[in-house]
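Student: I've got a model open and want to work through how its pieces pack. Can you take my questions one at a time?

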Amino acid sequence: MLSELKLMNTDLGKTALNCAVITDLASWVLLIAGVSVFNGDAKFFNTFATVFFMVIFWFVMRPVFFWMIEQIAVRKESSIENEYNDKHVCLILSGVLLSGFITELCGVHSMFGAFMFGLMIPNGELGTKTMDKIEDFVVGILLPPVFLIAGLRTNIAYISAGFTSSLVVIVVLVSSIAKIISTLLVCIYLKCPIRDSLALGVLMNTKGVIAIIVLNEGRNVKVCSELYFFRGFDQQTFTWMVLSILIMTGLVAPIVSFTHKSTTYLKQCHQRNLERSKLDVELRVLACLHSSKNLSGLINLLHISSATGKSPVTVFAVHLVELTGRASAMLIFHDKSDKNDITGNDSNPTREKAEAEQILSAFESFQNDNYAAIVQPLTAVSSYATMHQDISNFALDKRVTVILLPFHKKSNGIGGWTDENLEHKQVSENLLANAPCSVGILVDRGLTSHHPLQSEHYCSRKCRIAMLFVQGPDYRKALAYAWRMASNPGVTLSVVRFIPGKHLLQLEESPLRDDHDADSDFRSFSTVFKKEKEKLLDDDYINEFRFRTMHNKSITYMEKPVNSGDQIVSSIRLAYNDFDLYIVGRAYGMQSPLTLGLSEWSDCPELGVIGETLVAVDFLPSASVLVMQQSAPNP
């Protein structure tokens, strides 16, 4: 359920999952005690045997199991083969069967023994490989008969036999919402947000396979002794409880969608962007990379993003890995002090693990070099088709201000490109269309030669950044990020604003045609109004920038009148061709007379008109380009 709702890697999902594990364990304990009592054993032999089994498993077998895994890892550390093979999977399955058999001898359902054995297996390659081998068989073949039996035992026709319909409705509703109300009250007492409290209550109320098994066990219990006669759930009670489970599960999706995916909630989250962020507040960056080839550019971009005591930077470094052999996506948080939690892909674990260690070490060095930077490395394993959803949900949960992505092509250093990956391009385009915050795409072509942030790495030649401003919200976001970079003492910033020339101003003032109808007049008025509004916002933000940086000698501002896109290219070629990094806005789909002639062709729409032009021109073979976009349109 959490995976389907894309909440597995959020704080809400983790809280719900941890609480669910505790409640399930408590349910199993109560089930064991209940079955023991109803089986008529006054000495509670079954309960003591089960508790003894749990103690042996957890305090004896579990340490032995961990020791065996460590020995296997040490023995095969230098091997190019998989660390675990089919023999280890068979050993795990044999242990599952043995555990289930022992718990059956203790008078408890065999699933409890299998559950306890699963708790002993640590997260990592062994657990992943075991799931890959048995998941399809268990979910596709063994699990459906369980629900089939529950369905056969359910009879809706006799749900109110012998009782009034109102009583049946009250019983079903109370059993369905009791946990929701109790969880909501506890969360309100702890001063949790109402939305999170309601969503947590609904998620805690979700029932699954374990609940169905418990009901089936209760239906099967039939005890007859000298003291009393006990019969398990009759068909009517069983039907009531199954109906309650259906209502509980059915409430999850609409309520969680209302609390965490509604238009009002997402609009509030979309307000977090660079333009509204102050320079003296924390910058939360989600840095995504597909491989170690993207490391150098992103690391150096973060170095010049000015992490100071007044303006710290929190970086969530996400290594994006394609989903292979798993039924659901996962997010792995890495402990920087423990590299043993890094796992590789099954196809080539040694190479993948080495690459993951390189990424982890690089960001650890970045944090050591920047006292005001905090880095949380993690790996996101997901399919390329839904990877943008996982990134967006994580950005929402962590209140990220900007997402940084690498360009899907790699520069060869002489103006050409290598290693084009169309799947990476699709991820970038999907994220640009759905991201809840500002997004930046870095085209790295030499930014690695500078490391100007710390004094010990400070070099006499500063990193020169040019911010090319045309018009629109994307360019305001680009200026906001460049403004933050300008706080770095090792950076010089030149802001060039291209404004309409005399010829364009004359065209705007002259009427285009004499015949007008109501629809065309309305569209023309709306277009002019929107254009004037954006121009006013641009002017206000530019004026604020100029006023607050007037005494900063490392920042220069200039305006350049142009009449077409060709004149913009000519201006860059003649006067602004000696910068290490160019920052521009994407402004995809924006019709502007300033870029006339440049938007007729597009091979990389994710870069926008100006960004693609800077990448394509031959007189800037070694300059890096950062293309910024505001958050995706409000849903």
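Student: At roughly what angle do the axes of H13 and H14 cross?

Tutor: Keep in mind that this is a predicted model. H13 covers residues 387-397 and H14 covers residues 422-434. Their axes come within 9 Å, and the crossing angle is roughly 45°.

Student: Which residues of H14 make the contact with H13?

Tutor: The crossing of the two helices is right-handed. From H13 come Met387, His388, Ile391 and Ser392. By class, the contact has four nonpolar, four polar and no charged residues. On the H14 side the residues are Val427, Asn430, Leu431 and Asn434.

Student: Now H5 and H8. Is their crossing left-handed or right-handed?

Tutor: H5 spans residues 125-152 and H8 spans residues 209-220, with axes that come within 10 Å and cross at roughly 50°. H5 and H8 are therefore oblique to each other. As for the hand, H5 passes H8 in a crossing that is left-handed.

Student: How many nonpolar residues are in the contact of H5 with H8?

Tutor: H5 brings Leu143, Val146, Phe147, Ile149 and Ala150, and these meet Val209, Ile212, Ile213 and Asn216 in H8. Sorted by class, one residue is polar and no residue is charged. The nonpolar count is eight.

Student: Staying with H8, is arginine 219 buried or partly exposed?

Tutor: Arginine 219 is found in H8, and its C-alpha is 9.8 Å from that of alanine 150, 69 residues away along the chain. Buried means under 20% relative accessible area. Arginine 219 has 22% relative accessibility, so the label is partly exposed.

Student: What about H6 and H7: at roughly what angle do their axes cross?

Tutor: The crossing of H6 and H7 is right-handed. Their axes come within 8 Å, and the angle is roughly 145°.

Student: Which residues of H7 meet H6?

Tutor: H6 puts in Lys179, Ile180, Thr183, Leu184, Cys187 and Ile188. By class, the contact of H6 with H7 has nine nonpolar, three polar and one charged residues. The H7 partners are Ile194, Ser197, Leu198, Leu200, Gly201, Val202 and Met204.

Student: Between those two helices sits lysine 191. What is its phi?

Tutor: Most residues other than glycine have a negative phi. Lysine 191 lies in the loop between H6 (165-189) and H7 (194-204), and it is exposed, with a relative accessible area of 77%. Although lysine 191 is not a glycine, its phi is positive, at about 65°.

Student: And where is arginine 399, which has a positive phi too?

Tutor: Arginine 399 is not a glycine, yet its phi is about 55°.

Student: Is isoleucine 610 buried or exposed?

Tutor: Isoleucine 610 is found in H19, residues 608-616. The cut-off for buried is under 20% relative accessible area. Isoleucine 610 has 3%, so the answer is buried.

Student: How many residues apart in sequence are isoleucine 610 and valine 470?

Tutor: Leaving out residues up to four places away in sequence, isoleucine 610 touches Val470, Tyr475, Ile568, Val584, Thr595 and Leu598. The C-alpha atoms of isoleucine 610 and valine 470 are 8.9 Å apart in space. In sequence, the separation is 140 residues.

Student: Zooming out, what share of contacts in the protein join residues at least 24 apart?

Tutor: The protein's secondary structure comes to 19 helices and 15 strands. Take the contacts between residues at least 6 apart in sequence. Of these, the share joining residues at least 24 apart is 79%.

Student: Last one: what percentage of the accessible surface belongs to carbon and sulfur atoms?

Tutor: The protein has 635 residues, and 45% of them are buried. Its accessible surface comes to about 32500 Å². The part belonging to carbon and sulfur atoms is 61%.

Technical notes:
Residues are numbered from 1 along each chain as its sequence is written. This is a predicted model: local features need pLDDT of at least 70, side-chain atom pairs count only at pLDDT 80 or more; totals for chains, interfaces and linings use all residues. Side-chain values use heavy atoms; hydrogens and water are left out. Axes are lines fitted to C-alpha atoms, for helices over the stretch in contact, and angles run from 0 to 180 degrees between N-to-C directions. Helices (H or I, at least four residues) and strands (E, at least two) are DSSP runs, numbered from the N terminus. A crossing is left-handed if the near helix is turned anticlockwise from the far one by less than a right angle, and right-handed if clockwise. Contact means heavy atoms within 4.5 Å. Ala, Val, Leu, Ile, Met, Phe, Trp, Tyr, Cys and Pro count as nonpolar, Asp, Glu, Lys and Arg as charged, and the others, Gly among them, as polar. Buried means under 20% relative accessible area, exposed over 50%, partly exposed in between (1.4 Å probe, protein chains only). Accessible areas come from the Shrake-Rupley method with a 1.4 Å probe; for residues, only the protein chains shown count as cover. Angles under 35 degrees count as roughly parallel, over 145 as roughly antiparallel, 65 to 115 as roughly perpendicular and the rest as oblique.
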